[in-house]
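Let us read a structure together, one question at a time. Keep the model open as we go.

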Amino acid sequence: VRNNLFSVTFAQFASFFLNIITFGIIARVLSVEDYGKFNYLLAIVGFTAKFIDLGINPIVLRESAKNNRFSEYIGSVFYVKSLLIILLLVFVNIFSFLVINTMTEKILLNLLIINIFFSNKYTNIRELLVIPYKICLKMEFPMILVLIDNILLLIISIFLKESEHALLYFGLIYLGTNIPSNVILFIVLIKKNEIKFLFNKDFFFRLLKMAFPIYGYVLLMIIYTQIDTILIGIFNGDNSVALYSTAVRLSNPFIIFASAITITFFPIIVNKLKEKKDVAKIIGSVVSLLILFSSTISLFIFFYSKDIIRIVFGENYMEASEPLQFLGISIIFLFINFFLVDLLTAFEKQKNNFIYGILINLLSLPFYFIFLPEYSYVSASIIKLSVIFVGSIYLFLSVNRIVKIRIHIFKLMIWFFLNFIVFSFLQNLNLYYAIFIECIFVSISILILRVLTYDEIMTILSMLNIEKFMNKFSFWVEK
């Protein structure tokens with residue numbers, strides 16, 4: 001478990017920074033309009049990709065963990081999803097022929113759709129193929145492949161020069177750098193893991209039936225996550241999309257940390273449920289950990305949004321700092337929701353996830369149509385923050401009906417406001433000095449306020465198989 005958490009966290013953390021550097025370079029190579037155009041098409045492809053995702057991967061993970069029928073489960077879903085990607089490609093080409101005027105946009109759209117099959121950023125194929133590694137808690141190999149993707153993208157992007165066709169060249173690079181790792185993954189799965197990719201109609205339809213509430217949730221979530229960018233493109237143009245996408249690109253990737261924690265603890269919780277053991281303690285500890293981690297990230301983004309934009313994307317994108325502040329705050333609730341949604345799946349309460357998806361869309365869509373035409377991307381970020389907060393309350397109450405989540409809410413609030421004051425006081429200090437001081441203060445304040453109790457720390461460490469090592473320093477941990 002410890003090695004799995006380390007490999008997932010390190011790889012996702014490294015990928016996050018490689019991605020930020022890559023898109024910081026690309027934002028300077030492309031014009032603001034072309035960068036907005038790329039992100040607009042990326043949002044459309046992300047939107048359509050979820051319609052053929054079926055929301056089936058969590059069910060494949062859960063059922064495979066129970067009976068190890070990898071070849072049938074993964075193979076059946078793989079063939080259906082591959083066919084759906086081909087059909088989507090045909091449909092989009094017909095659509096683009098009628099609607100899109102420029103050849104560059106048509107080609108770029110095709111490249112991005114083909115990338116659904118190869119990219120680890122989509123859940124369609126790549127996430128399906130790494131399920132055996134998730135179950136065995138051996139994510140080192142898949143994470144190395146993710147790093148290879150991002151390193152290749154960065155290296156080749158460095159050599160991209162400003163030109164008339166720079167946008168198209170980047171589309172080719174964006175697709176091409178994902179292909180080698182997929183070839184390697186397929187070979188290893190077939191040769192070493194002996195996955196035969198068998199199609200079983202009965203298996204597939206049984207999985208699909210169980211996944212139906214998740215599929216509804218997936219569709220609702222993609223509407224929620226992508227419709228703001230698409231509507232900004234319609235109401236406000238490519239420049240506004242570029243600025244909003246800059247803020248989103250700097251805030252959303254932090255969800256990788258929630259993903260790393262969830263990927264590590266989700267199989268453990270599933271196994272404990274299968275053995276009919278109490279999971280309240282570990283759930284409370286993980287939720288507290290997620291709140292602390294996400295709150296620290298949110299505070300950094302909120303107080304240093306302008307510095308972050310200037311360093312990564314340059315002066316042309318400084319207007320993105322305001323929406324970045326609001327999206328930064330929303331990270332707290334995104335972290336919690338990411339874990340709670342998977343938790344409800346573990347409890348086989350996918351219907352609650354579906355209701356959650358309906359709730360956040362019903363709350364956000366009317367406000368987008370009312371405020372986006374006049375207030376553009378700033379209003380989108382405020383709406384997103386408000387709605388995700390309401391969604392967190394619903395998910396927390398839903399899980400709490402099943403298992404009582406015990407967290408020290410009063411201590412967490414004191415810790416947050418104390419750190420908010422310190423961050424506010426130090427925001428005019430040199431960025432690098434401030435970050436160093438604030439990291440120390442965050443750590444010390446967690447220990448002094450005992451936001452995580454000794455028992456909670458040891459519960460988390462026991463899940464990582466390092467509590468014996470920490471017991472040697474129990475005196476310091478207790479203090």
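Predicted model: local features only at pLDDT ≥ 70, side-chain atom pairs only at ≥ 80, totals over all residues.

Residues are numbered from 1 along each chain as its sequence is written, and side-chain values use heavy atoms, with hydrogens and water left out.

Me: How many helices and how many strands are in the protein chain?
Reply: Helices (H or I, at least four residues) and strands (E, at least two) are DSSP runs, numbered from the N terminus. For the protein chain, the count is 22 helices and zero strands.

Me: What radius of gyration does the protein chain have, and does a compact globule of 479 residues come out near to it or far from it?
Reply: The radius of gyration is taken over C-alpha atoms, and the globule rule is 2.2 Å times the number of residues to the power 0.38. For 479 residues, that rule gives a radius near 23 Å. The value for the protein chain agrees with a compact globule: it is 22 Å.

Me: What percentage of the 479 residues of the protein chain count as buried?
Reply: Buried means under 20% relative accessible area, exposed means over 50%, and partly exposed is in between (1.4 Å probe, protein chains only). Of the 479 residues, the buried share is 57%.

Me: Among contacts in the protein chain between residues at least 6 apart in sequence, what percentage join residues at least 24 apart?
Reply: Contact means heavy atoms within 4.5 Å. Take the contacts between residues at least 6 apart in sequence. The share that joins residues at least 24 apart is 82%.

Me: What distance separates the end C-alpha atoms of helix α5?
Reply: The expected span of a helix is 1.5 Å times one less than its number of residues. Helix α5 covers residues 103–118, so its 16 residues should span 22 Å. The distance in the model agrees: 23 Å.

Me: Which helices do the buried residues of α5 pack against?
Reply: α5 is mostly covered, with twelve of its 16 residues buried. Among them are L108, L109, L111, L112 and F117. Their packing partners are α2, α4, α6 (126–129), α9 (166–176) and α10 (179–191).

Me: Which residue forms a salt bridge with K81?
Reply: A salt bridge is a side-chain nitrogen of Lys or Arg within 4 Å of a carboxyl oxygen of Asp or Glu. K81 has such a bridge, its closest N and O atoms being 3.2 Å apart. K81 lies in helix α4 and its partner in the loop between α2 and α3, so the pair ties together parts that are 28 residues apart in sequence. The partner is D53.

Me: Is D53 buried or exposed?
Reply: D53 sits in the loop between α2 (32–51) and α3 (57–67). Leaving aside neighbours within four places in sequence, D53 is in contact with K81, T123, N124 and V218. Its relative accessible area is 3%, so D53 is buried.

Me: How many residues apart in sequence are the parts that K384 and D228 tie together?
Reply: K384 and D228 form a salt bridge, with the closest N and O atoms 2.6 Å apart. K384 lies in helix α17 (residues 350–402) and D228 in helix α11, so the parts they tie together are 156 residues apart.

Me: Is F97 buried or exposed?
Reply: F97 lies in helix α4 (residues 70–99). Its relative accessibility is 65%, so F97 counts as exposed.

Me: Where does R450 lie?
Reply: R450 has a positive phi of about 55 degrees although it is not a glycine. At 45% relative accessibility, R450 counts as partly exposed. Its place is the loop between α19 (431–448) and α20 (454–463).
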